[in-house]
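Welcome, and please open your viewer. This short tour tells you what to select next and what you will find there.

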Amino acid sequence: MVVLVKNKYIEMTPEEIAAIQAQVAEQMAEEAKRPLTMEEVVRLVIAKTINSITIDDETALRMVEYYPDWTAGTAYKAGDRLAYNGDLYKVLQAHTAQETWLPGTGTESLYTRIDEQHDGTKYDPIPYNGNMALQSGKYYIQNNILYLCNRDTGQPVYNALAELVGLYVEVG
């Protein structure tokens, strides 16, 4: 078998491959028996219980690193929060996550990204990336264009803001 080691291709014998596989298996067995550190235990407990705490989205956003990461096969309840690619998402409807149901574009009926860092004023507009409910009187920005929402959407919308001019927003 040929393998790449430090940018060089080398030929490995079956015995060498078996030795490496044995070493990896031994390390995995040792890791499985290693006592967890206090920090590891605390993080596990927090990740398992954080969604049972009632807090607002703005506070939750400040704690994104403590929320569990999105994982395929996990059963989520409506209202659960989860982390994905550094962003915080809220689950909109109960479901069991599938490998192709990643938070973001295409799964807007399952997740909404939480973005409470901006107050929606002309000088601190809310970045719009789709899958957001728009609130009347708030400013949003997309593609470096400022928009003022003049009518609540009531539920998340997915269109580009340029497509919603005259319906929900006006160029600000």
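Select Ile 126: leaving aside neighbours within four places in sequence, it is in contact with Asp 115, His 118, Gly 120, Met 132, Lys 138, Tyr 139, Tyr 140 and Ile 141 (contact means heavy atoms within 4.5 Å). A word on what is on your screen: this is a predicted model, in which local features need pLDDT of at least 70 and side-chain atom pairs count only at pLDDT 80 or more, while totals for chains, interfaces and linings use all residues. Residues are numbered from 1 along each chain as its sequence is written, and side-chain values use heavy atoms, with hydrogens and water left out.

Now widen the selection to the largest nonpolar core, which has 12 residues in all, including Ile 126, Met 132, Tyr 140, Cys 149, Leu 161 and Val 169. Such a core is a set of buried Ala, Val, Leu, Ile, Met, Phe, Trp, Tyr and Cys residues joined through side-chain atoms within 4.5 Å. Buried means under 20% relative accessible area, exposed over 50%, and partly exposed in between (1.4 Å probe, protein chains only).

## Stop two: salt bridges

How many salt bridges does the structure hold? There are five, each a side-chain nitrogen of Lys or Arg within 4 Å of a carboxyl oxygen of Asp or Glu.

Show Arg 34, which is partly exposed at 31% relative accessibility. Its side chain meets that of Glu 31 at 2.9 Å, N to O, and Glu 40 also bridges to Arg 34, with the closest N and O atoms 3.0 Å apart. Glu 31 is partly exposed at 45%, as is Glu 40 at 29%.

Next, pick Glu 39 and Arg 43, four residues apart in helix α2 (residues 38-49), about one turn of the helix. Helices here are DSSP runs (H or I, at least four residues), as are strands (E, at least two), numbered from the N terminus. The two side chains form a salt bridge at 3.8 Å between the closest N and O atoms. Glu 39 is exposed at 54%, whereas Arg 43 is partly exposed at 37%.

## Stop three: the open sheet

Finally, display the three strands in the order β4-β5-β7, an open sheet with antiparallel pairing; two strands pair if DSSP finds at least two bridges between them. Because β4 (81-84) and β7 (111-113) each have a single partner strand, one side of each is left without a neighbour in the sheet.

Zoom in on β4 and β5 (residues 87-91), which run antiparallel and are joined by four bridges.
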